[in-house]
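Visitor: Could you walk me through this one? I'd like to hear what stands behind each label.

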Amino acid sequence: MKETAVEIRPVPAIVPEMAPFWEAARRHELVAQCCLECGAFRFPAREVCSRCLSRQAAWRPVSGRGRVFSVAVMHQANHPWFAARLPYAVVVVELDEGARMLSTVVGRAPHDITIGMPVEVAFDDVTPEVSLPVFRASAS
Amino acid sequence: MSTHPLRGAAAIAGLGVTPQGRVYGTNAIGFAVDAIRLALEDAGLARSDLDGLLVNPGLTWNDQGMGSFQLQQALGVRDLRLTATMNLGGATACAMIQHAAQAIAAGLCHTVACVFSDAPLKPPSPQGARSSTGAAYGFARGWEAAYGFFGVNAMYALVARRHMHRYGTTQDQLGAVAVAQRRWANLNPQAQMHDRPLTLDEYRASRWIVEPFHVFDCCLVSNGGLAVIVTSAERARALQKPPVYVWGMAQGHRGGDPSDTLTSGAVLAKEPAFAMAGITLRDVDVVELYDCYTFTVIVTLEDYGFCAKGEGGAFAAEHHTGPGGTLALNTGGGQLSSFYMWGMTPVSEAVIQLRGEGGARQVPKHDVALVSGNGGILSTHTTLVLSRLAS
């Protein structure tokens, strides 16, 4: 059978401003951008802190712990790799540090993922360059 | 009585609606030209009467930045005094009419065509290839795509889930909005869903797009164009159709994460728009709220004060917003069940109702209409108060 797009999983392009994030992810460490003026964590990378307008920021390790803030269960996908995996859940995780990340929860059926559920980060080694942060249900 | 100088200064004098839905044979520019031609005919005007052109380009326009110039060339109109390509998403339709009314009231121009068009649907493929109405709307790239997070449906789903979590809004309450609007569409011969009734049981059994949205929670996808002609109140009175006066207008754009506020910009726009119009909610006879999703209608009902915050779902389920109900809401079927011309759908239905041209769906008392526009993910919001009365 001819190789088709079905087998090719979409992988984020490593844009320069996110390079430190992916570098840490390869070591299975979760980092987020932290404003050096007001201390707010943000994700993904942005030029300016929308809270205090400072341009000074650094990538800092975060706990990787948080809670499910919202969840949507996809039943239609514009990409064949995902279309073959329907239905699946996409979640927003609010990290303990305050930043919100779009991600998914692994190891749970889509309908067993609920708002407020405690989660912790894990990494899915999608390619040698990209280890994708995902989340698992956690105890606390 | 409001003494605001914009109140009643301008009026909608012409309405042009092309065939909507699975119509092919031209592109977005072609639909825009057709819609303006129809609106001019409706008003009894010629192209040469236009001195303003405002364009909200849909997703399939080639040149988003200079769309209005592209359209001016296609339309063959000369010597305009006002033009702009505008994009506040679904809030643009009302914003174009606001911009036109302001410019007319200031004496900068006198007759402005405002148009939206799009052609995201392709003719059925001869090979019978799979059709996906979502395909034209593949917004997500990069980060989101890595998680299979695609499009505006999913973005709104996350916000709707927060509303359900915080306020106890239920699936059946979302369904009540879909069913009520479908009943209106069944009375509207121009509606794509005119011949397709919908019960709550059928809603429950319908396929999911992205939970908590069934297919009937999401707006339609439509090819077509829709234009209105805005002119001074004085000129409008001399034309062939009953004028639809612009009584009040405002905008509200909240910023931040809509998942936190769970409100639209109506909370900002309502008060100044109503103050300009000199009305309260009780004066509104016809309500045309932007409905990209059933959920958007629920939030917008709350934010205009038809019910308390968080009670929009119960209101929609209990207060009978369908034909014969207590609130005449989205009386043509809205974008969920008639056609999706971004915010132009609610504008056009307000014009039809205020003129008394609603046929089987005509609302008996139709002096004042409230129209809302909403763009992004509850990000941009525009309000119009329209009336068939000059003052």
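Visitor: Which residue of strand 5 of chain B does A:Val73 stand opposite?

Guide: A:Val73 stands opposite B:Glu211. Before we go on, this is a predicted model, where local features need pLDDT of at least 70, side-chain atom pairs count only at pLDDT 80 or more, and totals for chains, interfaces and linings use all residues. Residues are numbered from 1 along each chain as its sequence is written, and chains are lettered from A and ligands numbered from 1 in the order in which they are written.

Visitor: What makes strand 4 of chain A and strand 5 of chain B a pair?

Guide: Strands (DSSP runs of E, at least two residues, numbered from the N terminus) pair if DSSP finds at least two bridges between them. Strand 4 of chain A and strand 5 of chain B, residues 208–211, have two bridges, in the antiparallel sense, so they meet that definition.

Visitor: How many residues does each chain bring to the contact?

Guide: Chain A gives 24 residues and chain B gives 25, where contact means C-beta atoms, placed from the backbone, within 7 Å. On the side of chain A, strand 4 (65–74), strand 5 (88–95) and strand 6 (100–103) each give two or more residues. The largest share, five residues, comes from strand 4 of chain A. By class, that side has 17 nonpolar, seven polar and no charged residues. Here Ala, Val, Leu, Ile, Met, Phe, Trp, Tyr, Cys and Pro count as nonpolar, Asp, Glu, Lys and Arg as charged, and the others, Gly among them, as polar.

Visitor: Why do strand 2 and strand 3 of chain A stand at the edges?

Guide: They belong to an open sheet of three strands in the order 2-1-3, with antiparallel pairing. Strand 2 (41–42) and strand 3 (57–61) of chain A each have a single partner strand, so one side of each lacks a neighbour in the sheet. Strand 1 of chain A, residues 31–35, pairs with strand 2 of chain A over two bridges, and A:Gln33 stands opposite A:Arg42 there.

Visitor: Why does B:Ala91 count as buried?

Guide: The cut-off for buried is 20 or more other C-beta atoms within 10 Å of a residue's own (12 or fewer is exposed, in between is partly exposed; C-beta atoms are placed from the backbone). B:Ala91 has 30 such neighbours, so it counts as buried. B:Ala91 sits in the loop between strand 3 (82–85) and helix 3 (92–105) of chain B. Leaving out residues up to four places away in sequence, B:Ala91 touches residues including B:Gly343, B:Asn374 and B:His381. B:Met344 is 253 residues away along the chain, yet its C-alpha atom is separated from that of B:Ala91 by 9.1 Å.

Visitor: What makes helix 14 of chain B mostly covered?

Guide: Eleven of its twelve residues are buried, among them B:Met344, B:Pro346 and B:Leu354.

Definitions and conventions:
Helix = DSSP H or I, 4+ residues; strand = E, 2+ residues; numbered from the N terminus. Contact = placed C-beta atoms within 7 Å.
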